Amino acid sequence: MTAETNGSFGVLKRVDAGVLSVGYAEAGPDDGPAVILLHGWPYDIHSYADVTRLLASAGYRVIVPYLRGYGTTRFLSDATLRNGQQSVLGVDVIALMDALGIAHAVIGGFDWGARTANVVAALWPERCRAIVSVSGYLIGNQETGKAPLLPSAELSWWYQFYFATERGRAGYDKYRREFARLIWHTASPEWNFDDATFNRSATSFDNADHVGIVIHNYRWRLGLVEGEAQYDDLEKQLVKSPVISVPTITLEGDANGAPHPEPGAYAAKFAGTYAHRTISGGIGHNLPQEAPQAFAQAIIDVADQR
């Protein structure tokens, strides 16, 4: 395990876990209840800077990893496929927990991170005490991804189709920061972030594997590329849209400009203790960073339900 300095989190740590060397922030007492916080695209661990401080001060051991393709997380082998399919991100979380000796944790996330929290809760409920999931139930499958939507809905997924082309790959590679800034504005239209806030996260997109992971993720969703055969059994379970049995709180911002389902569409997918909260005040897609008190409180409340 190694460490390095980070302006917001102090010292970042690193540990080999599965196919990755994972860069992560950690705060709070070593013997506190474990909480793992997962970021989305195009964001990074700084979405949880304030949430981490709040939870650590409440006695939780908080782990905030860079996902594969972001920040200081690296692949251990150049030969490993830069795979972004949904089950793999869940496997990464379990590998990280194993490497850190964490038997079970509360898992919170938004965007890719929410989907990954759903995946872990569905496939490994014994490792997941509870979840907080922004925009609810996000487990998908390739067949559903192939189905056409109304034009108004397709419009909101424009970048997914852009990434399906080699022009899109080249464009994203060349304009990573411009692309991310556009998504931040459209997904959180009332969030007035400054340049320093954006730039602090944007450096995580300089990861050499970032473009490969992002492009594979979105192409896999549309069924344009294959995943890895070793994860086929996991995907077969996920394609059934399994019900999540662990205690759950879902959150939604009242000004989320990103594609997202309505809360009523997914409530039945949570069979354990369940509550939904809509956070008001112009809160957009990056809910943990825009409303850290609300997110941290949801973690504390759901952790008490078990």
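Colleague: What should I know before we start?
Modeller: Residues are numbered from 1 along each chain as its sequence is written, and side-chain values use heavy atoms, with hydrogens and water left out. The model is predicted, so to speak of local features we need pLDDT of at least 70, side-chain atom pairs count only at pLDDT 80 or more, and totals for chains, interfaces and linings use all residues.

Colleague: How many cavities of 30 Å³ or more are there?
Modeller: The structure holds one. On a 1 Å grid over the protein atoms alone, a cavity is a set of points where a 1.4 Å probe fits but cannot get out; a pocket is an open set with protein on both sides within 12 Å along at least five of seven lines.

Colleague: How much space lies in the largest cavity?
Modeller: About 80 Å³, where a volume is the space filled by probe spheres set on the points, and grid points are joined across faces, edges and corners.

Colleague: Which residues line it?
Modeller: Among them are Leu-20, Val-22, Tyr-66, Asp-92 and Leu-96; a lining residue has an atom within 4 Å of a point. The largest share, four residues, comes from α2. Helices (H or I, at least four residues) and strands (E, at least two) are DSSP runs, numbered from the N terminus.

Colleague: What about the largest pocket, what is its volume?
Modeller: About 1,200 Å³. The largest pocket is lined by 46 residues, and Arg-115, Leu-138, Trp-157, Arg-221 and Pro-259 lie nearest its centre.

Colleague: And how much space is in the second largest pocket?
Modeller: About 180 Å³. Its lining includes Gln-85, Glu-143 and Trp-220, and α4 and α11 (232-238) each supply at least two residues.

Colleague: New topic. How many aromatic pairs are there?
Modeller: The count comes to 32. Rings of Phe, Tyr and Trp (its six-membered ring) pair if their centres lie within 6.5 Å; planes under 30 degrees apart count as stacked, over 60 as edge-to-face and the rest as tilted.

Colleague: What kind of pair do Tyr-172 and Phe-179 form?
Modeller: Edge-to-face, at 5.1 Å centre to centre with 85° between the planes.

Colleague: Are those two buried or exposed?
Modeller: Both Tyr-172 and Phe-179 are buried (under 20% relative accessible area, with exposed over 50% and partly exposed in between; 1.4 Å probe, protein chains only).

Colleague: Which ring does the charged end of Arg-181 sit over?
Modeller: The ring of Phe-198, 4.3 Å from its centre. The rule asks for NZ of Lys or CZ of Arg within 6 Å of the ring centre and within 35 degrees of the ring normal.
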